[in-house]
Amino acid sequence: MAAEVPVVQEMTDRPAEDTPFLVRIDGRRFLIWAGGLAAVCWLLAGGLLGGVAYLVAREAAVGRSATMALAGLPVLLLGGLLAATVAMWHGRFTGRGPVLAADRTGVWVANGSFRANPVWLPWDAVSAVQVRRTGIEDLIFIDAQTPHPAVPPGARLMVPTMLLDCGSTQIVAALGALAAGRAPVYGRW
């Protein structure tokens with residue numbers, strides 16, 4: 001009599017590309033927010049550094065062109081450093097894969113506390129999906145039931161929606177349809 005081999009679902013570090021619902025970080029939104037933040041930092045710090053360098057060069061009594069070159073060099077270096085940082089973070093965030101994925105069997109979540117590896121939860125291990133507005137963005141919380149081995153007991157997985165390629169209303173509607181009553185999905189509260 002042959003022993004039965006248990007069927008184990010193979011888990012990878014990313015959801016499959018043919019998953020019915022995938023949510024990714026939108027590269028354009030990321031560049032707008034990160035680029036805008038870098039530009040503001042560049043203007044503030046560059047103005048301070050450039051002003052100090054101008055005053056130092058003027059006190060050293062160097063020529064007018066040398067004074068402008070000494071004042072502009074720190075500003076240009078800071079701008080290049082900030083642009084390289086934004087480009088590096090853009091590749092890191094947008095190249096990571098989906099932030100949220102769901103199908104009829106469960107949901108993948110890659111959030112801040114489990115950033116290295118996305119967590120897959122079957123719908124039976126999800127106690128609730130909730131949306132909350134905080135400031136300028138919506139946060140989607142996926143509450144896991146406590147005895148599930150993939151997450152710590154009582155974990156609340158959070159997905160910020162500001163930089164995603166679809167809005168919280170679309171995400172909640174899709175999760176509600178895919179959960180099919182196995183996990184409660186609430187709108188804004």
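What is the strand order in the open sheet of four strands, and is the pairing parallel or antiparallel? I looked this up first, keeping in mind that the model is predicted. The order reads β1-β2-β3-β4, and the pairing is antiparallel. I noted β1 (21-23) and β4 (119-122) as the edge strands, each pairing on one side only. Neighbouring strands in this sheet are turned by 10° against each other on average, with direction ignored.

**The β3/β4 pair.** I then went to strand β3 (residues 106-109), which runs antiparallel to β4 and is joined to it by four bridges. Two residue pairs went into my notes: V107 stands opposite L121, and V109 has V119 as its bridge partner.

**β4 side chains.** Which residues of β4 point one way, and which the other? I found V119 and L121 on one side, with W120 and P122 pointing the other way. All four of these are buried.

Helix α3 (residues 168-179) does, touching β1, β2 (100-102) and β3. I wrote down about 150° between its direction and that of β1.

**Core.** The largest nonpolar core has 35 residues, and those touching the most other members are L100, V107, L121, W123, I142 and I171. Helix α3 supplies the largest share of this core, six residues. As a general matter, nonpolar side chains in soluble globular proteins tend to be buried together.

**Helix α1.** At 1.5 Å a residue, the 33 residues of α1 (residues 27-59) should span 48 Å, and the end C-alpha atoms are 46 Å apart, so the two agree. Its buried residues are F30, A34, A38, G46, G50, A53 and A57. Just after α1, I found A61 with a positive phi of about 60°.

D26 sits in the loop between β1 and α1. Why does D26 count as buried? Its relative accessibility is 17%, and the cut-off for buried is under 20%. Leaving out neighbours within four places in sequence, I have D26 in contact with L163, L164 and D165.

Conventions:
Residues numbered from 1 in each chain as written. Predicted model: local features only at pLDDT ≥ 70, side-chain atom pairs only at ≥ 80, totals over all residues. Heavy atoms only, no water. Pairing = 2+ DSSP bridges. Axes fitted to C-alpha atoms, helices over the stretch in contact; angles between N-to-C directions. Contact = heavy atoms within 4.5 Å. Expected span 1.5 Å × (residues − 1). Buried < 20%, exposed > 50% of the residue type's maximum accessible area, 1.4 Å probe, protein only. Core = buried A, V, L, I, M, F, W, Y, C linked by side-chain atoms within 4.5 Å.
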